[in-house]
Amino acid sequence: DRTSREGESVQTSTERPATRLPRNVILLGVVSFFADVSSEMAYPFIPIFLTSVLGAPIAAVGAIEGIAESTASLMKLASGWWSDKVRKRLPLVVAGYGLAAIGKVLLAIASVWPMVLFARFVDRFGKGLRGSPRDALIGDSAPPELRGRAFGLHRSMDTAGAVLGPLLALLMAGALNDDLRTVFLIAAVPGFLGVLALFLV
């Protein structure tokens, strides 16, 4: 009868799968884009900065990057466990992206290579701190039928930032007569823009 048909119509409409990505997912993609532009603007010049500007030994370059990447890997495990425990993911994400942006400023003011080690430690600590909670936040925000698309968008935005960052860095280094400290400072700007975007999440 008419009543049963209307009931079936309402049930069908409420069960219709979502087709648009949630706002949180898009914003987190934008944040990741800015963060990767920031990181990839600074990262290619760090070995040159260490050896040519600060006079660090080649062994220091390898040690710094080894410590930095180990820190990021260990923090991903710890931050994922902690975000599941406290069920508050966004503060960890904000802190992680904020620390990474601060790391670029520390690079710019470094006068000896151990300060670069500290800057890279802060940067990668932030990366590890944000990674797992951010991915969990994307998964929490996206309906099950759109999770593949949500993570696909995030990875594409991340990769776009990684492509654009080195290109901008090369252009700026040329325009600034290879003033790497200024390049590092400018690299912090998109990092902080990403942090600001997080307050809309």
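Modeller: From the N terminus on, the elements of the protein chain run α-α-α-α-α-α-α-α. This is a predicted model, where local features need pLDDT of at least 70, side-chain atom pairs count only at pLDDT 80 or more, and totals for chains, interfaces and linings use all residues. Residues are numbered from 1 along each chain as its sequence is written, and side-chain values use heavy atoms, with hydrogens and water left out.

Colleague: How do you know how many helices and strands the protein chain has?

Modeller: Helices (H or I, at least four residues) and strands (E, at least two) are DSSP runs, numbered from the N terminus. On that basis the protein chain has 8 helices and 0 strands.

Colleague: What does the radius of gyration of the protein chain look like against a compact globule?

Modeller: The radius is taken over C-alpha atoms, and the globule rule is 2.2 Å times the number of residues to the power 0.38. For 201 residues the rule gives near 17 Å, but the protein chain has 21 Å. Along the principal axes, its C-alpha atoms fill a box of roughly 85 × 40 × 25 Å.

Colleague: Why is Ile58 called exposed?

Modeller: Buried means under 20% relative accessible area, exposed over 50%, partly exposed in between (1.4 Å probe, protein chains only). Ile58 has 67% relative accessibility, so it counts as exposed. Ile58 is found in helix H4. Ile58 and Arg89 are 31 residues apart in sequence and 39 Å apart in space, C-alpha to C-alpha. Across the protein chain, buried residues make up 41% of the 201 residues.

Colleague: What makes a set of residues a nonpolar core?

Modeller: Its members are buried Ala, Val, Leu, Ile, Met, Phe, Trp, Tyr and Cys residues, joined through side-chain atoms within 4.5 Å. The largest such core has 25 residues. Those with the most contacts inside it include Phe45, Ile46, Phe49 and Phe184. The largest share of this core, 4 residues, comes from H8. Apart from it lies another core of 15 residues, among them Tyr97, Ile138, Leu146 and Ala197.

Colleague: Which residues does Ile46 touch, not counting those up to four places away in sequence?

Modeller: Contact means heavy atoms within 4.5 Å. By that test, Ile46 touches Glu65, Leu107, Val116, Arg120 and Phe184. In the protein chain, residues 24 or more positions apart account for 83% of the contacts with a separation of 6 or more.
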